Amino acid sequence: MLKGGHSVPDEDIIRRYDRSINNFLNVKTKVSHWILYYNGGEKYIEIAQGHCDNEIILNEEFYSLFTRGNKDG
């Protein structure tokens, strides 16, 4: 998979972090299918996926890191 995009300053990433987690946790309950990836390394890593009411956590460590600090995670 090719990566694209643009450079985002660290302070913007930090400022947007909690809002992004909350958006994900809210949206995943409203869609029929979702997939969560970690894209901070050389390859994308699938962390979790959901279909309707079923959720499968494929990488507990990354999912926990992603949702830490969020009371709903």
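1. **Overall layout.** The model is predicted: local features need pLDDT of at least 70, side-chain atom pairs count only at pLDDT 80 or more, and totals for chains, interfaces and linings use all residues. Residues are numbered from 1 along each chain as its sequence is written, and side-chain values use heavy atoms, with hydrogens and water left out.

2. The protein chain has 73 residues, and 21% of them are buried. Buried means under 20% relative accessible area, exposed over 50%, and partly exposed in between (1.4 Å probe, protein chains only). Take the contacts (heavy atoms within 4.5 Å) with a separation of 6 or more: 35% of them join residues 24 or more positions apart.

3. **Helix α1.** This helix has 18 residues and spans 25 Å from first C-alpha to last, close to the expected 26 Å. The expected span is 1.5 Å times one less than the number of residues. α1 also bends by about 45° at tyrosine 17. The bend is the angle between axes fitted to the seven residues ending there and the seven starting there.

4. **What α1 packs against.** Which residues of α1 are buried? They are Asp12, Ile21, Phe24 and Leu25. These buried residues pack against β1 and α2.

5. **Asparagine 22.** This residue is also in helix α1. Asparagine 22 counts as partly exposed because its relative accessibility is 39%. Threonine 67 is 45 residues away from asparagine 22 in sequence, yet their C-alpha atoms are 8.8 Å apart.

6. **The largest pocket.** This pocket holds about 800 Å³ of space. A pocket is an open set of points on a 1 Å grid over the protein atoms alone, where a 1.4 Å probe fits, with protein on both sides within 12 Å along at least five of seven lines; lining residues have an atom within 4 Å of a point. The volume is the space filled by probe spheres set on the points.

7. **The pocket lining.** There are 21 lining residues, and Ile13, Tyr17, Tyr38, Asn39 and Gly40 lie nearest the centre. α1 gives the most, 5 residues. β1 (33-38) and α2 (60-67) each supply at least two.

8. **Cysteine 52.** Where is cysteine 52? It sits in the loop between β2 (45-51) and β3 (54-57). Cysteine 52 has a positive phi of about 55°, although it is not a glycine.

Technical notes
Helices (H or I, at least four residues) and strands (E, at least two) are DSSP runs, numbered from the N terminus.
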